[in-house]
Amino acid sequence: MVKITIKDLTFSYRSNRILNDLNVVVNDAEVLSLVGPNGSGKTTLIKCIDRILKPKGSILLEGREIESMSQQEIARQIGYVPQSSSTPLATTVFDTVLMGRRPHITWRVSDADIGKVADTLELLNLQDLSMRDFAQLSGGQKQKVLIARALAQEPAILLLDEPTSNLDMKHQLDVMETISSLVKEKSISAVMAIHDLNLAARFSDNLVMLKNGKVYAAGTPNDLLCERNIRDVYGVEALVMTSLDKPCIVPLRSLNSGVA
Ligand code: ADP
C-alpha cells in the first residue's frame with residue numbers, strides 16, 4: 001500500500017527554486033532514504049512533507065491531501081525527528097518523550113499518555129535513562145530519545161533528518177537497527193535524509209537520489225548505488241562492491257568540475 005504520494009512538488013525560498021517537480025512514492029512499512037550531495041534538497045523535502053514549509057504541488061497521506069489537514073491531524077500522522085545536535089532541551093528524558101503525546105492530549109495528561117511514554121521508553125531500551133537530563137546524554141542516546149518522542153505520537157510516518165550524523169559506528173548501527181525494526185514491527189514508514197551511503201544501502205528498502213533539487217533516480221539500493229550514478233550525482237569516483245547482498249561503496253577520489 002502507498003503511504004505518501006508526492007506529485008509535481010516544487011519549492012522556492014523567495015525566488016530561489018530549491019525543489020523542482022519532484023515525484024516520490026513512499027510505501028507502507030518501508031525505509032525510504034533520501035540521498036544526494038549537500039544542498040541537493042533532502043532537508044527541504046522533509047520539511048515540505050511535515051508542512052514546516054509550504055510547497056507547490058501535491059502531497060497525499062494515505063490518499064488525503066495534506067494541505068487540507070489541520071496541524072494537529074498532521075502531528076498525529078507524522079513524527080519528525082530532528083538532528084539531535086539541533087535540539088537543546090532542558091528537561092528529563094521522560095518529559096521529552098511526553099512532549100510527543102501533545103497532539104493527543106486535551107487539557108491534562110492522562111494515565112494512558114503516561115503509560116504510552118513508559119512503553120515507548122521500554123521499547124527503545126531507554127527506561128534506565130528516563131529521569132536523566134536530556135542535555136547531558138551522549139549523541140546516540142539523544143537521537144534515540146528523539147525517536148522515542150516521535151514514536152510516542154503514534155505516527156504512521158517517521159521523518160528523520162540525518163539520524164546518524166555525529167554518531168560513532170556503534171551508535172550509527174544502533175539507531176539504524178532501531179529504525180528498521182520499528183518500521184517492520186509497527187508497520188510505519190520512515191523517510192530519512194542520510195549522508196552515509198553504506199548505511200543507507202544496508203538499512204533502506206528504497207532510495208531517492210536527489211541532485212540539484214530534482215529526483216535523479218529512485219529504486220532499490222542495489223539498482224541505484226552504482227559507480228556511474230555516484231560519479232554523476234556526487235562528482236566522486238568510487239568503487240562499488242557487493243557485501244552481504246548490498247552495495248558497499250569505497251570512495252576513491254573527488255572529480256573536478258565538468259562533472260555532469
Ligand atoms: P540538503 O539537506 O540536501 O543538504 P537543503 O534542503 O538543506 O539540502 O538545502 C537545499 C538548498 O536550499 C541549499 O542550496 C540551501 O542553501 C538552500 N536553503 C536551505 N535553507 C534555506 C533558507 N532558510 N533560506 C534560503 N535558502 C535555504
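Ala, Val, Leu, Ile, Met, Phe, Trp, Tyr, Cys and Pro count here as nonpolar, Asp, Glu, Lys and Arg as charged, and the others, Gly among them, as polar. By these classes, the shell around the ligand in this predicted model is made up of three nonpolar, six polar and one charged residues.

The members of that shell are Tyr13, Ile18, Pro37, Asn38, Gly39, Ser40, Gly41, Lys42, Thr43 and Thr44. Helix H1, which spans residues 42-49, supplies the largest share of the shell, with three residues. Lys is classed as charged, so Lys42 is the charged residue of the shell. Tyr, Ile and Pro belong to the nonpolar class, and the shell includes Tyr13, Ile18 and Pro37.

On the side of Tyr13, an N or O atom of the side chain is 3.4 Å from a nitrogen atom of the ligand. Ser40 takes part through its backbone, where an N or O atom lies 3.2 Å from a ligand oxygen atom. For Thr43, it is the side chain that provides an N or O atom, placed 2.9 Å from an oxygen atom of the ligand. Taken on its own, the ligand has 560 Å² of accessible area, of which the protein covers 58%.

Most residues other than glycine have a negative phi. Asn125 is not a glycine, yet its phi is positive, at about 60°. This residue sits in the loop that links helix H4 (111-123) to helix H5 (139-152). With a relative accessibility of 60%, Asn125 counts as exposed, because the class begins over 50%.

Ser187 is another residue other than glycine with a positive phi, here near 55°. Its place is in the loop between helix H6 (169-186) and strand E8 (189-193). The relative accessibility of Ser187 is 36%, and the residue therefore counts as partly exposed.

Leu252 belongs to strand E12, which runs over residues 246-254.

Notes:
Residues numbered from 1 in each chain as written. Predicted model: local features only at pLDDT ≥ 70, side-chain atom pairs only at ≥ 80, totals over all residues. Heavy atoms only, no water. Helix = DSSP H or I, 4+ residues; strand = E, 2+ residues; numbered from the N terminus. Near = heavy atom within 4 Å. Polar contact = N/O pair within 3.5 Å; in protein donor to acceptor, adjacent residues only side chain to side chain. Areas by Shrake-Rupley, 256 points an atom, 1.4 Å probe, with all protein chains shown as cover. Buried < 20%, exposed > 50% of the residue type's maximum accessible area, 1.4 Å probe, protein only.
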